[in-house]
Amino acid sequence: MPYKLKVKTDGKETIYERKEAPMLENLLDALKVQRQEIVMYSDPKKLPTDKDNERLLSLRAEFAANFWKNGLTKKDVLSGVTAIEGLTSIVNAINETLGSPLSEDDLEEKKDNEKPKK
């Protein structure tokens with residue numbers, strides 16, 4: 001399955017495509033993202049701070065730049081990737097790299113289907 005990421009730079013939209021499987025270097029980047037998420041969400045009494053959110057997006061952008069390569073930079077990702085479609089592409093690539101190919105919507109649907117019916 002090819003991984004695609006749409007990035008807008010200098011008013012021009014470019015689609016980056018990766019056809020190869022994630023490598024160990026990508027796994028290292030994905031683990032950094034996962035660790036930040038764990039730190040942010042492990043205490044239900046503490047909400048993520050602005051600094052936490054900035055770090056998470058920065059790590060995701062770094063992952064994307066390294067994952068799709070071809071001259072793509074972290075700055076390009078932060079300023080040229082949409083907050084919905086683009087971020088979904090990045091999160092899905094991170095999840096697959098970690099061995100969790102399901103998106104958040106897929107996980108919610110799976111949980112709903114597993115609930116016992118009354």
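In the predicted model, buried residues make up 30% of the 118 residues in the protein chain. The chain contains 5 helices and 2 strands. Read along the sequence, these elements follow the pattern β-β-α-α-α-α-α. Among the contacts with a separation of 6 or more, 54% are between residues 24 or more positions apart.

Helix 1 spans residues 24–41, and helix 2 spans residues 50–68. The two helices pack with their axes 9 Å apart and at an angle of about 165°. Angles over 145 degrees count as roughly antiparallel, and helix 1 and helix 2 are therefore roughly antiparallel to each other. The crossing in which helix 1 passes helix 2 is left-handed. On the side of helix 1, the contact is made by N26, D29, A30, K32, V33, Q36, E37, M40 and Y41. On the side of helix 2, the residues in contact are D52, N53, R55, L56, L59, R60, E62, F63, N66 and F67. Sorted by class, the contact of helix 1 with helix 2 has 8 nonpolar, 4 polar and 7 charged residues.

Aromatic side chains were examined next. A pair of aromatic rings is described by two values, the distance of the centres and the angle of the planes. A search of the whole structure finds 3 aromatic pairs. In one of them, the ring centres of Y3 and F67 lie 5.1 Å apart, with the ring planes at 85°. Planes over 60 degrees apart count as edge-to-face, so the pair of Y3 and F67 is edge-to-face. Y3 and F67 are both buried.

F67 also pairs with W68. The centres of these two rings are 4.8 Å apart and the planes stand at 75°, so the pair of F67 and W68 is likewise edge-to-face. W68 is buried, as is F67. Taken together, ring pairs link Y3, F63, F67 and W68 into a cluster. Two members of this cluster, F63 and F67, are also among the residues through which helix 2 makes contact with helix 1.

Conventions: Residues numbered from 1 in each chain as written. Predicted model: local features only at pLDDT ≥ 70, side-chain atom pairs only at ≥ 80, totals over all residues. Heavy atoms only, no water. Axes fitted to C-alpha atoms, helices over the stretch in contact; angles between N-to-C directions. Helix = DSSP H or I, 4+ residues; strand = E, 2+ residues; numbered from the N terminus. Parallel < 35°, antiparallel > 145°, perpendicular 65-115°, else oblique. Left-handed = near helix turned anticlockwise from the far one by under 90°. Contact = heavy atoms within 4.5 Å. Nonpolar A, V, L, I, M, F, W, Y, C, P; charged D, E, K, R; others polar. Phe/Tyr/Trp six-rings, centres within 6.5 Å; stacked < 30°, edge-to-face > 60°. Buried < 20%, exposed > 50% of the residue type's maximum accessible area, 1.4 Å probe, protein only.
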